[in-house]
Amino acid sequence: MQDLLGFTSIAIVSLITLFLALRLPAISRILYVALAIRISVILLGHYYVTLPDSSADAISIEGNAWFQSLYANYDFSLRPSDQDLATHSNFLGLFEYFEGPSAKFISLVLSIPYYFFGRSILMAQSISLLLGVFSVFLGWKIATMIWNNQIAKRVGWFIALFPSLILYSSLTLKEPYICFFLLVALYGVVSWVKTDKLKSVFLALTGFTGAIFFHGSYIVGAIIFVLIFGFRNILISTTKLRFNYKIFTFLFIFVVLSQLYISNKIKVPYLGNFETSTDMTRLLHKTSISTRGEAAWPEWIKMNSPIEAIYKLPVRAIYFVFSPFPWDVKKSTHLLGMIDAFLYLYLSFLIFCNRKAIWKDRTSRIILILLLSYIFVYAVGVGNFGTALRHRSKFVIMFILLAAPMIKGFIFFKKSDKI
């Protein structure tokens, strides 16, 4: 029964992909290949092998979702033998586990289909599969807005075939959810730059908010975007002596929320309130305890004082993006991480080669600022290359978008193809 439910879910995702491909023939092959590879990895991991990162967090997330769906169906007024009569009687009981943005939010999301249809790991993975396919589409769409159709096609292939994106689109983890919502945010950012419409700003903030619900650190990107938006519009209003009440209302709300956070009345998951998130002693301690295990970064890059943070943080950022290095490889499984790191090295080199075009384009500059902010945020909290591999996959598409014009074409399409 579980497998039947799982295969039905995969079939539904396949139909959605088919519909999307028929509407967008320009990237139909990209979507079909992305779907086929991810389904193959899901089935391979479900029946034959243990995929990297498919234990620990993935098992915990799925298990918590199943527990929450059972608890919602449990009527304590009935005898245990009569519990089958209580099925679907307490849907609102699921939301007793709602804590706002938190590490447990993904389990709450998965508990909803579990509540109605029953437990199926394949069904849970099919949601990641759907978000993975949508991420391919959104990455391509954003690239068409920044660069051109031919470059966008290269971006689509690169996203479809990128190893870590394939892996995490096949597992029950937060990565595909965050990646998807971050792309929604980027789509809103790019649309705002191109059209200057307020609805694009709300779309961007919707995407950032979705990502924040799965990991609080993504509030950093939202804050940076609002500051860029606010500064630009204040500058325009001052220059043209024109008052825009919509912009003023939006910025007023932002100032109020910022004040609530600074006064420690709002708490962000992973970051905490303003007092804890700016407590250097706490941050340094977090950095220290994260450096552990056989995949740990070197002891010498631990930040033991605020002064050390100034010159060690850039080094940690390099380790976050490019580790493991060849000298860090201690067993065969580390080779997968090194291959992943090599791809980031390649993309970073292409971004460097494309630096003039990035600097000239306002959209690319904003994406670069957001990317660097996330790299440095994670460089503080991450201390081993195993965890780094997972976290950097959340925004690898930002690397791909910035490197896009320098990415060589793939053999899957001819240069003469029309889009």
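1. The structure holds 26 aromatic pairs, a pair being two rings of Phe, Tyr or Trp (its six-membered ring) with centres within 6.5 Å; planes under 30 degrees apart count as stacked, over 60 as edge-to-face and the rest as tilted. Phe 158 and Phe 162 make a tilted pair, because their planes stand at 40°, with the ring centres 6.0 Å apart. Phe 158 is buried at 9% relative accessibility, and Phe 162 is buried at 1%; buried means under 20% relative accessible area, exposed over 50%, and partly exposed in between (1.4 Å probe, protein chains only).

2. This is a predicted model, in which local features need pLDDT of at least 70 and side-chain atom pairs count only at pLDDT 80 or more, while totals for chains, interfaces and linings use all residues. Residues are numbered from 1 along each chain as its sequence is written, and side-chain values use heavy atoms, with hydrogens and water left out.

3. Trp 192 and Phe 225 pair edge-to-face, at 5.5 Å between centres and 90° between planes. Trp 192 belongs to helix α8 (residues 175–195) and Phe 225 to helix α10 (residues 219–240), so the pair links distant parts of the chain, 33 residues apart; helices (H or I, at least four residues) are DSSP runs numbered from the N terminus. Both Trp 192 and Phe 225 are buried.

4. Arg 362 lies over the face of Trp 192 at 5.4 Å from the ring centre, and Arg 355 over that of Phe 352 at 4.1 Å.

5. Helix α17 (residues 362–381) has 20 residues and spans 30 Å from first to last C-alpha, close to the expected 28 Å; the expected span is 1.5 Å times one less than the number of residues. Its buried residues include Ile 366, Ile 367, Leu 370, Leu 371, Tyr 374 and Tyr 378.

6. Some backbone geometry deserves a look. Ser 323 and Pro 324 are joined by a cis peptide bond with omega about 10°, and Pro 324 lies in the loop between α14 (306–322) and α15 (333–353).

7. Ala 56, not a glycine, has a positive phi of about 50°. Ala 56 lies in the loop between α2 and α3 (57–73) and is exposed, at 55% relative accessible area. Asp 196 also has a positive phi, near 60°; Asp 196 is in the loop between α8 and α9 (198–214) and counts as partly exposed at 39%.

Definitions and conventions
Helices (H or I, at least four residues) and strands (E, at least two) are DSSP runs, numbered from the N terminus. A charge sits over a ring if NZ of Lys or CZ of Arg is within 6 Å of the ring centre and within 35 degrees of the ring normal.
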